[in-house]
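This report covers backbone geometry and charged side chains in one protein model. The structure comes before the discussion.

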Amino acid sequence: MRERFDVVIAGAGPAGGQCARDLAARGYDVVVLETEPEDEFPRQSNKSTGGTFPSMMASFGIPDDVVMQFTDDVVIESPNDHFARERSGAVLDFGAFKEFLVEDGQRLGSEYYFDARVSKPIVEDGEPVGVKYNGSEEVYGDVIIDATGPSAPLAKDLGVTDLSRKNHAIGIEYEFEGVDLDHEGYADLHRSMMLRLDHEYAPGGYSWIFHTGGDTAKVGLCYIRNDSYQRYAEVDRTIDGYLDHWLDTDPRFESAERIEGRQHRGSAHIQPPTNLSTDSFMAIGDTVPTIDPLWGEGINKCMQSGRAAAKTVDSCLTPSNPDTSADAISLYDELWHDEVAPDMDSRLLMTEMLYLAPNDRYDTLLGDLNRLDDETLQRANAGEKRAILKLLHAGDVPLLARLAKHRRGR
């Protein structure tokens with residue numbers, strides 16, 4: 001195996017795979033180190049959902065044949081109400097999607113070392129110059145990129161990422177057949193992606209049903225170890241236990257059966273990032289904390305992050321005298337804040353208010369959304385403060401006090 005490349009990427013998920021595609025298309029020598037063996041890839045998913053929108057498909061040239069079902073709308077449920085909004089979407093076969101990124105990257109010239117478990121960066125004169133993997137194996141590059149997700153062995157060692165367990169989100173998802181997608185008393189979920197805000201099933205988080213065709217659907221939930229989790233969680237009930245509880249009590253799953261081998265687990269950290277890069281190094285995808293897991297279309301954010309890293313590499317290595325200093329690499333930080341997560345603070349505010357609100361406030365929120373124009377939620381999620389204010393009530397003072405306490409604790 002070669003030991004020297006322009007760029008070394010750890011992790012073959014959406015962020016690492018897209019970054020490799022972009023760099024190979026620009027003519028750079030790039031290698032991706034992936035923990036899983038090639039003949040088993042992708043053995044597991046580091047994303048517990050696979051919902052996206054046409055803008056992502058078009059922006060990154062994703063073929064339709066990795067889509068399980070095209071959808072027409074997004075539905076949001078609370079314990080006693082629902083809100084539906086027309087928005088075309090696509091539910092991905094996440095395994096096929098990852099395979100496409102790898103195969104297309106290889107077609108463009110990127111190399112993949114499978115069964116390569118990254119352990120730590122190789123540092124010389126205070127700067128990262130390579131990566132150690134599988135114990136004693138080494139590979140070197142002008143730029144090193146950590147796309148391993150929350151494990152973040154390179155970013156943590158270099159002090160770039162500070163991931164707190166207080167803000168750790170975990171998710172689980174199974175694919176089912178026999179789901180009643182149009183049960184009386186619930187929204188019609190044929191050709192829909194549905195997200196449910198309900199602490200009974202996902203304390204401090206959300207659950208979902210994504211239609212995948214016929215009577216099949218992706219069903220899962222995610223919660224964050226935040227104040228709402230501490231307040232509403234049942235003692236000793238695991239995330240699997242919460243999913244079982246939802247399946248046992250929601251009539252839409254009365255005849256549902258799990259599809260063998262179609263299980264996904266994932267995790268992320270919900271907090272503002274501290275650093276994103278340093279000399280010759282960038283952290284991308286879920287290696288960087290996320291700020292809006294409910295509305296943020298995490299796959300797209302990972303892909304955008306990978307693309308921003310590729311642009312940065314191009315800027316640093318194109319000049320006749322390449323510059324990979326922390327100052328030059330900081331272009332990535334600018335692109336991340338401008339293109340991946342603009343208006344970060346207000347978007348994080350919206351996310352935290354959602355997860356800290358009680359169940360009856362979710363019913364009120366959906367009543368407001370059904371009364372207001374269709375764009376209010378989208379603008380609020382994008383961090384537009386005027387739209388966020390339109391969703392607040394005079395009775396939200398206790399909620400805002402909880403939010404202030406939560407932020408002080410963070």
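## Asp-198

Does Asp-198 count as buried or exposed? Asp-198 counts as buried, at 3% relative accessibility; buried means under 20% relative accessible area, exposed over 50%, and partly exposed in between (1.4 Å probe, protein chains only). Asp-198 is in the loop between E11 and strand E12 (205-213), where helices (H or I, at least four residues) and strands (E, at least two) are DSSP runs numbered from the N terminus.

The side chain of Asp-198 has a polar contact of 3.0 Å with the side chain of Arg-196. A polar atom of the Asp-198 side chain also lies 3.0 Å from the backbone nitrogen of Glu-200. A polar contact is a pair of N or O atoms within 3.5 Å; within protein, one must be able to donate a hydrogen and the other to accept it, and residues adjacent in sequence count only if both atoms are side-chain atoms.

## Basis of the model

This is a predicted model, in which local features need pLDDT of at least 70 and side-chain atom pairs count only at pLDDT 80 or more, while totals for chains, interfaces and linings use all residues. Residues are numbered from 1 along each chain as its sequence is written, and side-chain values use heavy atoms, with hydrogens and water left out.

## Glu-173

Glu-173, in strand E10, is buried and has no salt bridge (a side-chain nitrogen of Lys or Arg within 4 Å of a carboxyl oxygen of Asp or Glu). The nearest side chain of opposite charge is Lys-218, 4.1 Å away. The Glu-173 side chain does make a polar contact of 2.9 Å with the side chain of Trp-208.

## Negative surface patch

Asp-180, Asp-182, Asp-188 and Glu-254 form a patch of negative charge on the surface. Patches are made of residues with over 30% relative accessible area and no salt bridge, with like charges joined within 9 Å. Asp-188 is in the loop between strand E10 (168-177) and strand E11 (192-196) and is partly exposed, with a relative accessible area of 38%.

## Backbone geometry

Most residues other than glycine have a negative phi, and most peptide bonds are trans. The peptide bond from Phe-41 to Pro-42 is cis, with omega near -10°. Pro-42 is in the loop between strand E2 (30-33) and strand E3 (51-52).

Asp-125 has a positive phi, near 55°. Asp-125 is in the loop between strand E7 (118-124) and strand E8 (127-133) and is exposed, with a relative accessible area of 82%. Phi of Asp-343 is also positive, near 55°; Asp-343 is in the loop between helix H9 (331-340) and helix H10 (344-356).

Key
Patch = residues over 30% accessible without salt bridge, like charges linked within 9 Å, V, L, I, M, F, W, Y side chains within 5 Å. Areas by Shrake-Rupley, 256 points an atom, 1.4 Å probe, with all protein chains shown as cover. Lys, Arg positive; Asp, Glu negative; His and termini not counted. Charge placed at Lys NZ, Arg CZ, Asp CG, Glu CD.
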